[in-house]
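Biologist: Can you put the model up and walk me through it? I'll ask as we go.

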Amino acid sequence: MKTIYMDNNATTRVAPEVLETMLPFLTDLYGNPSSAYSFGGRVARNIRESREQASALLGASPEEVIFTSCGSESDNTAIMSALNTGKDKAHIVTTRVEHPAVKVLCNELVKRGCRVTEVPVDRKGELDMDRYKESLTSDTAIVSIMWANNETGVIFPVEEAAQLARSRGILFHTDAVQAVGKIPIDLQQSAIDMLSISGHKLHAPKGIGVLYVRKGTKFSPFLIGGHQERGRRGGTENTASIIGLGKACELAADRMDEENTRVKSLRDRLERELLNRISHSRVNGGGAPRLPNTTNISFEFVEGEAILLRMDEFGICASSGSACTSGSLQPSHVLRAMGVPFTMAHGSVRLSLSVYNTDEEVDEVIDKLPPIIEKLRAFSPFWKPEGQACASGT
Amino acid sequence: MWEYTDKVKEHFLNPRNAGEVKGANAVGEVGSMACGDALKLTLKVGDNGKIEDAKFQTFGCASAIASASALTEMLKGKSLQEAERITNQDIADYLGGLPKEKMHCSVLGRQALESALSNYRGEAPKEQEGKIVCECFGVTDREIEKAIRENNLTSVEEVTNYTKAGGGCESCHDAIRELIARVREEEAPAKRPKLTNIQKIRMIEETLEREIRPSLQQDGGDIELVDVIGNRVLVASRGACAVCKASELTLTHFVEAKLREMVWPELVVEEVPK
């Protein structure tokens, strides 16, 4: 059975071009970039190029790029650094819909005596900018707001939010893991101080990330050790992955247009057709600015895990914000923060595309998903076949 | 991804008896859409007191659907007395087991069955019996106590796996801990029948094998059972334990404590000379 992979916000395939650039560094070119001899020195040169490729995608300078092991490490480093360098400031401003890498860290920091404000979102998933402004205080050490939401694809106005933070002398970090490569980013023109990237979300391998730190920003390392990354992140470089990430950044810049044209039109057609063919369905975050590749659709009266496992029978990979798939007993915190009713949240399915998806794959999903929902609804106690479905649980 | 048995997958993909029994005379409805799973069970009980037909409607995940399908299969042809004796564990066993986090799906089946049977007997729906402990999922103290008793639960996490209680805001965790302590206390005397010597030795061996030796072996040590005389457990240290100065501490703090907890509260561990 062919795999139809539409879960690119979870992870992506390694681009063949990326793999190709990596392979020599897993075989012949194994020298340590810190070594004195040229066998290591040439690897250092390749890393420098990779740093240039990554900074080019962000509109940053190469020395502002720190290679890390993943998006979560980048997020943790940024927030902990702000607390460590921020004198006695102990307030963090974030949102109610962050990725666990920020959300769970903040919960942990509350236990250690920090104060955290989670700015709410509205029903469309958009950030409440008034509440955001009110939350900034003289005690605020850092603001950490994601650029685009991983579950709904909703894009936040982080550049505006960063400007507001800067005007009050507050550091601004953004988790841009989902945004990089899908929307243009020019950090030179922004007030963002720190930004996180994850390699495996843009066709580089897992286990590599970037933290951008604006020149002149006070910084305290998270991983303490050797002089690597100019003392800002100890540990021998993950050379092959760094090289791969550089290539992936270059490809992402080249493919940004395709993401916003061909991929977007695939997503739009998929979404439109599913809504047309399946009654009692709606798009979560549909009214807000969104990433071009993501759609999050709720199908009322059925449960997400059941939908996913039936899709799995056809090789279709997607994810859900239902309780059974969120690893807890409650549906996704993002959908709850948006006030999506339980009846809808439990039956949510996220489809996230990439440049590797095709028209045929979209056809296949449009063909297979409606009968799955129909079959599950047929034995749902809340579904009335006349179409007069009535929710008793709302 | 959850590790489901083939039987769970099979019942999920091809559910038996989905729908509603026409002319049902026993109907049980439990759960709600807000909680993420709901089950409606309809039964036709014949004049001879046997269940002639059973169907289900489920809103829920794969294991909720499979549990409901399994339950209807188990019920068909059973007498009411037999049906009454079906436990949530029976439903899970029928499916070759459920992931522990999904045991609440089998509990939902058992609850729907109870509700259907009391409906058949013409009793008023037993909803809201007891007082709500978990506000997030509307779980009462009665339901929690029942799950603790029937499934021998000992931790909040297990209670959440079986009833969902405590899986939301977590503010009821202390109340759940108290319920566990209360039930455990009630059951304590009954749970400690006097062991025969053979039983005692067998349990000591099992505990050593499963709970104790693996962690000693991790540190390069080991222990061997030499004899059991009354409550005296005679052991010999091996490997790193035999030369380790702290092994005496290990014996009392770890080995003895574990054996007392798992086997018999009055056991004393003694090391026999090499």
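**Strands, helices and domains**

Modeller: This is a predicted model. In chain B, strand 6 (residues 221-229) and strand 7 (residues 232-239) pair in the antiparallel sense, over eight bridges.

Biologist: Which residue is the bridge partner of B:Glu224 in strand 7 of chain B?

Modeller: B:Glu224 is partnered by B:Ala236.

Biologist: How many residues lie between strand 6 and strand 7 of chain B in the hairpin?

Modeller: Two residues separate the strands of that hairpin. B:Gly230 sits in the turn and has a positive phi of about 60°.

Biologist: In what sense do strand 7 and strand 8 of chain B pair, parallel or antiparallel?

Modeller: Strand 7 of chain B pairs with strand 8 (residues 268-271) of chain B in the parallel sense, over four bridges. One bridge there joins B:Leu234 to B:Glu270 in strand 8 of chain B.

Biologist: What holds paired strands together in general?

Modeller: Strands of a sheet pair through backbone hydrogen bonds, and the pairing is either parallel or antiparallel.

Biologist: Over to chain A. What is the strand order in the open sheet of seven strands?

Modeller: The order in chain A is 2-8-7-6-5-3-4, and the pairing is mixed.

Biologist: Why is one side of strand 2 and of strand 4 of chain A left without a neighbour in the sheet?

Modeller: Strand 2 (65-68) and strand 4 (115-119) of chain A stand at the edges with a single partner strand each, so one side of each has no neighbour in the sheet. From one strand to the next, the twist averages 20°.

Biologist: How many bridges join strand 2 and strand 8 of chain A?

Modeller: Four bridges, with strand 2 of chain A antiparallel to strand 8 (residues 209-213) of chain A. A:Val65 is opposite A:Tyr212 in strand 8 of chain A.

Biologist: Which strands does helix 4 of chain A lie across?

Modeller: Helix 4 (residues 100-111) of chain A lies across strand 3 (91-95), strand 4, strand 5 (140-144) and strand 6 (171-175) of chain A. Its direction is at about 150° to strand 3 of chain A. Helix 6 (residues 158-166) of chain A lies across strand 5 and strand 6 of chain A, and runs at about 160° to strand 6 of chain A.

Biologist: Now helix against helix. At what angle do helix 1 and helix 7 of chain A pack?

Modeller: Helix 1 (residues 16-26) and helix 7 (residues 239-277) of chain A pack at about 160°, and their axes are 8 Å apart. That angle makes helix 1 of chain A roughly antiparallel to helix 7 of chain A. The crossing of helix 1 and helix 7 of chain A is right-handed.

Biologist: Which residues make the contact between helix 1 and helix 7 of chain A?

Modeller: Helix 1 of chain A contributes A:Glu17, A:Val18, A:Thr21, A:Met22, A:Phe25 and A:Leu26. From helix 7 of chain A come A:Thr239, A:Ala240, A:Ile243, A:Gly244, A:Lys247, A:Ala248 and A:Leu251. By class, the contact of these two helices of chain A has eight nonpolar, three polar and two charged residues.

Biologist: What domains does the assignment give for chain A?

Modeller: Domain 1 (4-10 + 256-378) and domain 2 (16-252) of chain A. Their C-alpha centres are 28 Å apart. The contact takes 22 residues from domain 1 of chain A and 21 residues from domain 2 of chain A.

Biologist: Which elements each supply at least two residues on the domain 1 side of chain A?

Modeller: Helix 7, strand 10 (294-299) and helix 10 (333-337) of chain A do. Helix 10 of chain A gives the most to that side, with three residues. The side of domain 1 of chain A that touches domain 2 of chain A divides into eight nonpolar, 11 polar and three charged residues.

Biologist: And how is chain B divided?

Modeller: Chain B has domain 1 (6-120), domain 2 (132-191) and domain 3 (197-271). The C-alpha centres of domain 1 and domain 2 of chain B lie 23 Å apart. Each of these two domains of chain B gives nine residues to their contact.

Biologist: Last topic, the two chains. How many residues does the contact take from chain A and from chain B?

Modeller: The contact takes 23 residues from chain A and 22 residues from chain B. On the side of chain A that touches chain B, the largest share, three residues, comes from helix 8 of chain A. That side of chain A has 12 nonpolar, eight polar and three charged residues.

Definitions and conventions: Residues numbered from 1 in each chain as written. Chains lettered and ligands numbered in written order. Predicted model: local features only at pLDDT ≥ 70, side-chain atom pairs only at ≥ 80, totals over all residues. Axes fitted to C-alpha atoms, helices over the stretch in contact; angles between N-to-C directions. Parallel < 35°, antiparallel > 145°, perpendicular 65-115°, else oblique. Left-handed = near helix turned anticlockwise from the far one by under 90°. Contact = placed C-beta atoms within 7 Å. Nonpolar A, V, L, I, M, F, W, Y, C, P; charged D, E, K, R; others polar. Domains from an automatic or database assignment. Pairing = 2+ DSSP bridges.
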